[in-house]
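Student: Before we discuss this model, could you show me the sequence and the structure, please?

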Amino acid sequence: MNDLVWYVAYGSNMHADRLGYYLAGGRPPGAARTYPGCRDPRPPRRTEPVFLDGGIYFALESRTWTGGMAFYDPGLPGRAAGRGYLLGAGQFADIAAQEMARRPDVDLDLTEAITTGRATLGPGRYETLVCPGALDGHPMLTFTAPWACADAQLNPPAPRYLGMIASGLHEAHGWDAETLTAYLAERPGVRGHWTPDALADRVARIEFRWAHTSGGGTTSPDDAEPNSSCHREMR
């Protein structure tokens, strides 16, 4: 498959180094899992900070990190911060397969997801594809659970996982510690489980550096225009 799509990461894969293991294969430092990688291991053509209508919540139990896992619910109020990676459609299929604990060796038919905005490939936690819009003529795609936040068993994320997400948000959006803490504090699964001081301490531990995006970005969800960086194009 040669068509290009935007893979929109909203969890730990916002951290570019971590996404690299999904592309090229290998075992991230401290991880228990080795990723087979993509059939096409090339890096993204571009990367952009994006905002999606909806929100992120934490639920279930991660086999990699322990604690809650990040999921995207387009029905939640507010804005979800993410990072778009411009990839081949086959690369997206292979990344999705690795998240679904499948072999990355089969292309996906993305027609339903792109046309209707959603496609369920199975009952699993990351087996539902969502297309929240398009950017620069290419569809934006991500994966999440088939259920809504209201139906999920919320579970606070582990410190290492939350730190990885904070680092990825900083890379993608250029946010400072105060903005990162304020954003993460309001996510279901974090709110009411992480104290403000503990969350601020976790964020303070990440390595702050300039955002690795083609355009950079310092806009917070509260300041973003509706559908900033994306819009829904029905086909």
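The dialogue below takes up a pocket and a pair of helices.

Tutor: This is a predicted model, in which local features need pLDDT of at least 70, side-chain atom pairs count only at pLDDT 80 or more, and totals for chains, interfaces and linings use all residues. Residues are numbered from 1 along each chain as its sequence is written, and side-chain values use heavy atoms, with hydrogens and water left out.

Student: Why are α5 and α6 called oblique?

Tutor: The axes of α5 (residues 177–185) and α6 (residues 196–204) come within 9 Å and cross at roughly 130°. Angles under 35 degrees count as roughly parallel, over 145 as roughly antiparallel, 65 to 115 as roughly perpendicular and the rest as oblique, so α5 is oblique to α6.

Student: Which residues make the contact of α5 with α6?

Tutor: Taking contact as heavy atoms within 4.5 Å, α5 contributes Ala177, Leu180, Thr181, Leu184 and Ala185, while α6 contributes Leu199, Ala200 and Val203. By class, the contact has 7 nonpolar, 1 polar and no charged residues, where Ala, Val, Leu, Ile, Met, Phe, Trp, Tyr, Cys and Pro count as nonpolar, Asp, Glu, Lys and Arg as charged, and the others, Gly among them, as polar.

Student: What volume does the largest pocket have, and which residues are closest to its centre?

Tutor: The volume of the largest pocket is about 400 Å³. Of the 25 residues that line the largest pocket, Tyr22, Thr64, Met69, Glu99 and Tyr126 are the closest to its centre; a lining residue has an atom within 4 Å of a point of the pocket, which is an open set of points on a 1 Å grid where a 1.4 Å probe fits, with protein on both sides within 12 Å along at least five of seven lines. The lining divides into 14 nonpolar, 6 polar and 5 charged residues.

Methods
Grid points are joined across faces, edges and corners, and a volume is the space filled by probe spheres set on the points. Axes are lines fitted to C-alpha atoms, for helices over the stretch in contact, and angles run from 0 to 180 degrees between N-to-C directions. Helices (H or I, at least four residues) and strands (E, at least two) are DSSP runs, numbered from the N terminus.
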